[in-house]
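Please keep the sequence and the three-dimensional view at hand while reading.

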Amino acid sequence: MDARFLGIAELAEVPSVAVVVDVMRAFTVAAWAFAQGAEKIVLAESLEEALALKARHPDWVALKDGPPAPGFDAVNSPGLLRSVDVGGRTVVQKTTAGTVGALAAKEASLVLCAGFVVAEATARFLRTRKSDSVTFVVTGEEGRADEDLACAQYIARRVTGAETDAGEFLRRAAESRAAAELAEGVRQGVHPDDVALCLEVNRFPFAMAATLDSSLMVLRPCAVPSLNDEALI
């Protein structure tokens with residue numbers, strides 16, 4: 001598999017397959033939302049669009065980066081999301097990097113969104129698709145966020161089926177600028193468990209695929225083959 005690792009601004013052409021990585025915290029939050037029963041996640045282009053969608057659909061759950069704000073039900077924190085009822089509901093998510101990266105790749109034939117919590121499931125999904133070329137979109141810090149790059153490289157290694165120790169990749173993420181900012185309270189809207197939750201490798205058994213639904217980019221969980229079933233493909 002030919003793997004490329006690009007920042008959002010480096011997406012000069014539409015990739016065939018894109019894996020958009022935001023470990024801290026957009027797609028860790030998305031995975032937790034699905035694990036808690038959310039039906040789908042609408043990736044909003046702006047805070048204004050998120051609020052407009054919430055106004056049209058009062059039962060939807062709107063969340064954003066940073067501190068709580070009027071009109072929003074939650075913030076982009078996996079630790080804090082655990083206390084929010086999202087069962088059977090639609091979530092509207094707007095973040096600084098993750099949702100921006102997914103929307104930048106929306107014309108790709110396949111868009112997966114990932115963090116460490118769904119890394120193995122994402123790799124297995126790509127293996128079953130037998131993708132020759134995959135573009136990993138490193139969303140944080142203009143493509144330089146080491147937690148996102150480490151996760152992308154880990155997934156790429158696992159797509160090949162190679163035995164890969166996640167420890168070194170997780171260490172890089174734990175020592176990243178984003179992890180430090182979350183741990184030190186530089187960022188707002190943070191739970192003390194956020195960094196640890198973002199580094200729980202392969203916690204969830206599903207991948208997450210984003211598709212255009214009318215004019216909206218919608219993220220949904222995707223079942224992946226078990227290891228035994230995959231061997232038969």
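## The model and its sheet

The model described here is predicted. Its open sheet has ten strands in the order β1-β8-β2-β7-β9-β10-β3-β6-β4-β5, and the pairing is mixed. The edges are formed by β1 (residues 2-7) and β5 (residues 74-75), each of which pairs on one side only. As a general point, strands of a sheet pair through backbone hydrogen bonds, and the pairing is either parallel or antiparallel.

How many of the five residues of strand β7 are buried? Five of the five residues in this strand (residues 110-114) are buried, so β7 is largely enclosed by the rest of the structure. In a regular strand, side chains alternate between the two faces of the sheet. In β7 both faces are covered: one side carries Leu-110, Leu-112 and Ala-114, the other carries Val-111 and Cys-113, and all are buried.

Strand β7 pairs with β2 (residues 17-21) through five bridges, and these two strands run parallel. Within β2, Val-20 stands opposite Cys-113 of β7. Strands β7 and β9 are joined by two bridges and run antiparallel. Here Leu-112 stands opposite Ala-209 in β9.

With β6, strand β4 pairs in the parallel sense over four bridges. Ala-62 stands opposite Val-92 in β6. The pairing of β4 with β5 is also in the parallel sense, over two bridges. In that case Leu-63 stands opposite Ala-74 in β5.

## Packing between helices

Two packed helices are described by the angle between their axes and the distance between the axes. Helix α5 (residues 119-129) packs with helix α6 (residues 146-159) at an angle of about 45°, and their axes are 8 Å apart. The two helices are therefore oblique to each other. The crossing in which α5 passes α6 is right-handed. On the α5 side, the contact is made by Ala-119, Glu-120, Thr-122, Ala-123, Leu-126 and Arg-127; on the α6 side, it is made by Tyr-154, Ile-155, Arg-158 and Val-159.

Helix α6 also packs with helix α7 (residues 167-174), at an angle of about 165° and with axes 7 Å apart. These helices are therefore roughly antiparallel to each other, and their crossing is left-handed. Asp-146, Glu-147, Leu-149, Ala-150, Gln-153, Tyr-154 and Arg-157 of α6 meet Phe-169, Arg-172 and Ala-173 of α7. Tyr-154 is named in the contact with α5 and also in the contact with α7.

## Aromatic rings

The structure holds six aromatic pairs. One of them is formed by Trp-32 and Phe-204, whose rings are edge-to-face, 5.4 Å from centre to centre with 90° between the planes. Why does this pair tie together parts that are 172 residues apart in sequence? Trp-32 lies in helix α1 (residues 26-35), whereas Phe-204 lies in the loop between α9 (194-198) and β9 (206-213), so the pair ties together parts with that separation.

Phe-204 also pairs with Phe-206: the ring centres are 5.6 Å apart and the planes are at 15°, so this pair is stacked. Trp-32 is buried, with a relative accessible area of 9%. Phe-204 counts as buried at 9% relative accessibility, and Phe-206 is buried with a relative accessible area of 12%. Ring pairs link Trp-32, Phe-34, Phe-204 and Phe-206 into a cluster.

Methods:
Residues numbered from 1 in each chain as written. Predicted model: local features only at pLDDT ≥ 70, side-chain atom pairs only at ≥ 80, totals over all residues. Heavy atoms only, no water. Phe/Tyr/Trp six-rings, centres within 6.5 Å; stacked < 30°, edge-to-face > 60°. Buried < 20%, exposed > 50% of the residue type's maximum accessible area, 1.4 Å probe, protein only. Pairing = 2+ DSSP bridges. Axes fitted to C-alpha atoms, helices over the stretch in contact; angles between N-to-C directions. Parallel < 35°, antiparallel > 145°, perpendicular 65-115°, else oblique. Left-handed = near helix turned anticlockwise from the far one by under 90°. Contact = heavy atoms within 4.5 Å.
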